[in-house]
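This report goes through one protein model, beginning with a pair of packed helices. The sequence and structure come next.

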Amino acid sequence: MTNFGDLLGALLQSNTGQSAQSRIGNALQDLQANLGQVSGGQGGAGDLLAGILEQAKTSLGTAAENPLQAGGIGAVLGSLLGGGGDSVKGALSGGVLAMLAGVAFKAMSNAGQAGVAASQGGEPPLGLKPPVTPAEHSLLETKAQLIMKGMMNIAKSDGLVSPDEIQRIVGKAADAGIGAQGQEWLMAELRQPLNLDVFAAEIPNPEMAAEVYAASLLAVEVDTPQERDYLRQFAEKTGLAPVVVQQIHQSLGIVM
């Protein structure tokens with residue numbers, strides 16, 4: 001059975017470009033400045049994110065003006081993505097999904113989308129808090145799967161992914177310890193033509209759409225009309241309000 005958490009960690013670990021690093025750095029700094037809000041004011045409810053930010057605190061401090069200066073973002077990414085093997089699993093439970101959930105939660109809250117807090121009983125969403133029940137573990141796996149699909153879909157928005165690029169990505173996943181089943185799923189998804197209507201129908205709510213949107217901004221530079229049009233259509237088809245999109249861009253330091 002494919003472990004989508006491990007697969008997401010491997011995908012990010014091997015395909016994180018400079019612009020994605022900068023955006024991760026911006027997001028972490030933004031979340032650090034707003035940790036009380038992001039954690040819902042629930043004390044230990046934001047422990048996952050708080051732990052990550054604590055690990056990266058020194059680096060974030062030295063990179064306050066520029067997330068790439070003084071090697072700061074390298075230390076942040078080291079905390080998030082690790083060096084392979086078991087640390088890839090930590091990218092799921094202790095890093096990537098916590099960061100994306102934090103960005104989405106803050107964006108929805110700032111935009112007055114109170115459904116986030118209400119739907120979670122006043123607590124931050126899964127990702128910012130660890131899964132406890134089998135149902136929550138399953139939901140977190142589903143999140144990881146949808147996030148990966150979103151990252152691959154925006155990469156397809158200006159043309160199919162080339163066979164060489166598919167082999168490179170799948171090869172990196174194999175090097176990170178992803179098994180044959182995970183490699184086969186990844187290859188099949190990369191080969192699949194883009195169908196935004198079908199993908200949008202898989203997104204259960206605007207909260208999940210916000211996380212997928214944020215992750216999509218880590219996958220590409222967003223420097224083509226096709227990529228910008230894909231993001232616009234994705235937001236429209238998944239009910240993601242323009243003010244939420246603006247908040248996500250602000251957290252990641254993106255001007256579009």
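## Helices α13 and α15

In this predicted model, α13 and α15 cross in a right-handed manner; a crossing is right-handed if the near helix is turned clockwise from the far one by less than a right angle, and left-handed if anticlockwise. α15 covers residues 242-252, and the two helices pack at an angle of about 40°, with their axes 10 Å apart. That angle makes α13 oblique to α15. Angles under 35 degrees count as roughly parallel, over 145 as roughly antiparallel, 65 to 115 as roughly perpendicular, and the rest as oblique. Axes are lines fitted to C-alpha atoms, for helices over the stretch in contact, and the angles run from 0 to 180 degrees between N-to-C directions.

On the α13 side the contact is made by A210, Y213, A214, L217 and L218, and on the α15 side by V244, V245, I248, H249 and L252. By class, the residues of the contact of α13 with α15 are 9 nonpolar, 1 polar and no charged. Here Ala, Val, Leu, Ile, Met, Phe, Trp, Tyr, Cys and Pro count as nonpolar, Asp, Glu, Lys and Arg as charged, and the others, Gly among them, as polar. Contact means heavy atoms within 4.5 Å.

H249 lies in α15. With 12% relative accessibility, H249 counts as buried; buried means under 20% relative accessible area, exposed over 50%, and partly exposed in between, with a 1.4 Å probe and protein chains only. Not counting residues up to four places away in sequence, H249 touches Y213, L217, I254 and M256.

## Helices α9 and α13

α13 (residues 206-219) also packs with α9 (residues 134-156), at an angle of about 45° and with the axes 8 Å apart. α9 and α13 are therefore oblique to each other, and their crossing is right-handed. K143, L146, I147, G150, M151 and I154 of α9 meet M208, E211, V212, A215, S216 and A219 of α13. The contact of α9 with α13 has 8 nonpolar, 2 polar and 2 charged residues.

K143 is found in α9 and counts as buried at 7% relative accessibility. Leaving aside neighbours within four places in sequence, K143 is in contact with P125, L126, M208 and E211.

## Helices α9 and α11

α9 packs with α11 (residues 180-191) at an angle of about 40°, and their axes are 9 Å apart. These two helices are therefore oblique to each other, and α9 passes α11 in a right-handed crossing. In this contact, Q145, M148, K149, M152 and K156 of α9 meet W185, L186, E189 and L190 of α11. The residues of the contact of α9 with α11 comprise 5 nonpolar, 1 polar and 3 charged.

E141 also lies in α9. E141 counts as partly exposed, at 21% relative accessibility. The C-alpha atoms of E141 and D6 are 9.5 Å apart, although 135 residues separate the two along the chain.

## Two other buried residues

M99 is found in α7 (residues 86-110) and counts as buried at 4% relative accessibility. Between the C-alpha atoms of M99 and A215 there are 9.7 Å, while the two residues are 116 apart along the chain.

V222 is placed in the loop between α13 and α14 (225-237). V222 has a positive phi of about 60° although it is not a glycine. The relative accessible area of V222 is 7%, so V222 is buried.

## The whole chain

The protein chain has 15 helices and 0 strands. Helices (H or I, at least four residues) and strands (E, at least two) are DSSP runs, numbered from the N terminus. Of the 256 residues in the chain, 49% are buried. Among contacts between residues at least 6 apart in sequence, 79% join residues at least 24 apart.

## Confidence and conventions

The mean pLDDT of the chain is 76, and 70% of its residues reach 70 or more; pLDDT is the predictor's confidence in each residue, from 0 to 100. Over residues 40-46 pLDDT stays under 50, and the model has 12 contacts beyond four places in sequence for them. Over residues 116-121 pLDDT also stays under 50, with 8 contacts beyond four places in sequence.

Residues are numbered from 1 along each chain as its sequence is written, and side-chain values use heavy atoms, with hydrogens and water left out. As this is a predicted model, local features need pLDDT of at least 70 and side-chain atom pairs count only at pLDDT 80 or more, while totals for chains, interfaces and linings use all residues.
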